[in-house]
Amino acid sequence: MITLDDINKSYILHNRSIPAIRSINLTVKPGEIFGVIGKSGAGKSTLIRCVNLLETPDSGRVLVDGKDLMRLDPTSLRAARRKIGMIFQHFNLLSSRTVYHNVALPLELAGHSKQSITNTIMPLLELTELLDKKNAYPSQLSGGQKQRVAIARALASQPTILLSDEATSALDPETTLSILQLLKNIRDTLNLTILLITHEMNVVKTICDRVALLEKGTLIETNTVGEFFIRPQTSTAKNFIASAVLQHLPDAIQRHLLKLPETNAHPVLRLWFRQGTATQPIISMLSLQFNVHVNILQANIEYVQNQVMGIMIIVVKGFDASIQSAIEYLKEHYVDAEVLGYAPDNIAV
Ligand SMILES: Nc1ncnc2c1ncn2[C@@H]1O[C@H](COP(=O)(O)OP(=O)(O)O)[C@@H](O)[C@H]1O
Ligand SMILES: [Mg+2]
């Protein structure tokens with residue numbers, strides 16, 4: 001269990017104090033996979049590094065498994081930190097050591113006997129499917145295999161908590177999926193608590209139970225992943241979800257979109273279907289009832305934590321009054337309509 005209680009952290013740069021995270025309150029329950037998502041520079045790494053005191057918060061409390069880390073003496077802090085494993089985007093393996101000896105390192109440093117190290121490590125190499133690679137050097141491994149070594153090493157001290165700082169960001173989509181499945185498997189078999197940070201919504205969608213959105217150092221939304229997907233509150237959240245659920249508009253259209261309405265320009269709408277509307281014939285009703293033409297540019301239906309959610313991007317053509325009535329109709333039917341811009345007549349939509 002992790003509790004961050006009103007954590008603040010600023011960096012000093014050229015004699016100026018720059019806040020990186022502000023008033024962070026967060027609880028990660030035992031056995032939970034909790035994701036913090038945010039853009040680059042939002043403060044994600046700072047936040048996660050505060051959990052094992054790689055960064056010391058300026059104020060607030062860090063509670064891990066009931067211990068107030070900032071109040072521990074150095075010996076107790078070292079012991080508490082051994083129960084917090086961490087993995088990184090760039091693996092941080094020692095190139096001169098084999099897989100086995102990379103994984104063994106934390107136990108060697110803690111003075112364990114060779115036999116007890118072997119007893120601890122062999123099951124971890126099996127769990128991470130690295131038995132046949134135990135004598136290989138990092139340079140002989142793929143990115144996914146390197147990350148599995150880093151995961152096995154993080155588990156060597158038998159932690160209760162695993163922190164992951166963008167662990168899949170350097171990997172291709174297929175390898176990302178296999179690493180995420182491994183993390184989930186580890187949570188299930190070892191009953192670990194996992195806090196991960198990422199800028200990729202797909203990571204959150206694939207393995208997280210709950211998610212918090214970090215923007216400019218502040219947590220602006222915290223929810224179960226299913227609720228976050230179907231009821232995003234902020235435009236940042238909506239954009240993250242859209243990025244996971246459908247590609248952004250084709251460049252050719254995006255480039256020509258006008259910000260304000262003009263004659264001979266048609267609204268481009270992003271529709272969010274929820275509360276069962278994802279499976280109703282709402283678009284054909286629009287055309288029939290309001291005499292508007294609807295071009296579908298993109299559409300996707302997603303199933304996240306048993307919730308159904310659809311996103312669609314459409315262009316609506318017709319008289320202004322008809323379009324307004326059509327948008328009202330959508331709202332009445334629990335379909336959120338956001339205007340992304342206006343597409344001029346002369347581009348092909
Ligand atoms: N060691 C540091 N010294 C000064 N500024 C830093 C340092 N580390 C991070 N920052 C700044 O703090 C903010 C948050 O950074 P970071 O936590 O790395 O964000 P993220 O991981 O979301 O990209 C950024 O503005 C970054 O430039
Ligand atoms: Mg970072």
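A residue is called buried if 20 or more other C-beta atoms lie within 10 Å of its own, exposed if 12 or fewer do, and partly exposed in between, with C-beta atoms placed from the backbone. The views below come from a predicted model, in which local features need pLDDT of at least 70 and side-chain atom pairs count only at pLDDT 80 or more, while totals for chains, interfaces and linings use all residues. Residues are numbered from 1 along each chain as its sequence is written, and chains are lettered from A and ligands numbered from 1 in the order in which they are written.

**View 1. Tyrosine 303, an exposed residue in a strand**. Tyrosine 303 has 11 C-beta neighbours inside 10 Å, so it counts as exposed. Look for it in strand β12, residues 293-304 (helices are DSSP runs of H or I with at least four residues, strands are runs of E with at least two, and both are numbered from the N terminus). Phenylalanine 229 is 74 residues away from tyrosine 303 in sequence, yet their C-alpha atoms are 9.6 Å apart in space.

**View 2. The shell around ligand 1**. Residues count as near a molecule if their C-beta atom, placed from the backbone, lies within 6 Å of it. Among those surrounding ligand 1 are Tyr11, Leu13, Gly41, Lys44 and Thr46. Elements β1 (2-13), β2 (16-28) and α1 (44-51) each give two or more residues to this shell, and α1 brings the largest share, 3 residues. Sorted by class, the shell has 5 nonpolar, 6 polar and 1 charged residues (Ala, Val, Leu, Ile, Met, Phe, Trp, Tyr, Cys and Pro count as nonpolar; Asp, Glu, Lys and Arg as charged; the others, Gly among them, as polar).

**View 3. Helix α3 meets helix α4**. The axes of α3 (residues 99-109) and α4 (residues 114-127) come within 10 Å and cross at roughly 135 degrees (axes are lines fitted to C-alpha atoms, for helices over the stretch in contact, and angles run from 0 to 180 degrees between N-to-C directions). That makes α3 oblique to α4 (under 35 degrees is roughly parallel, over 145 roughly antiparallel, 65 to 115 roughly perpendicular, and the rest oblique). The contact includes Tyr100 and Leu107 of α3 and Ile117 and Leu124 of α4 (C-beta atoms, placed from the backbone, within 7 Å). By class, 8 nonpolar, 1 polar and 1 charged residues take part.

**View 4. Helices α5 and α6 side by side**. Here α5 (residues 143-155) and α6 (residues 173-190) pack at about 20 degrees, with axes 10 Å apart. The two helices are therefore roughly parallel.

Key: Contact = placed C-beta atoms within 7 Å.
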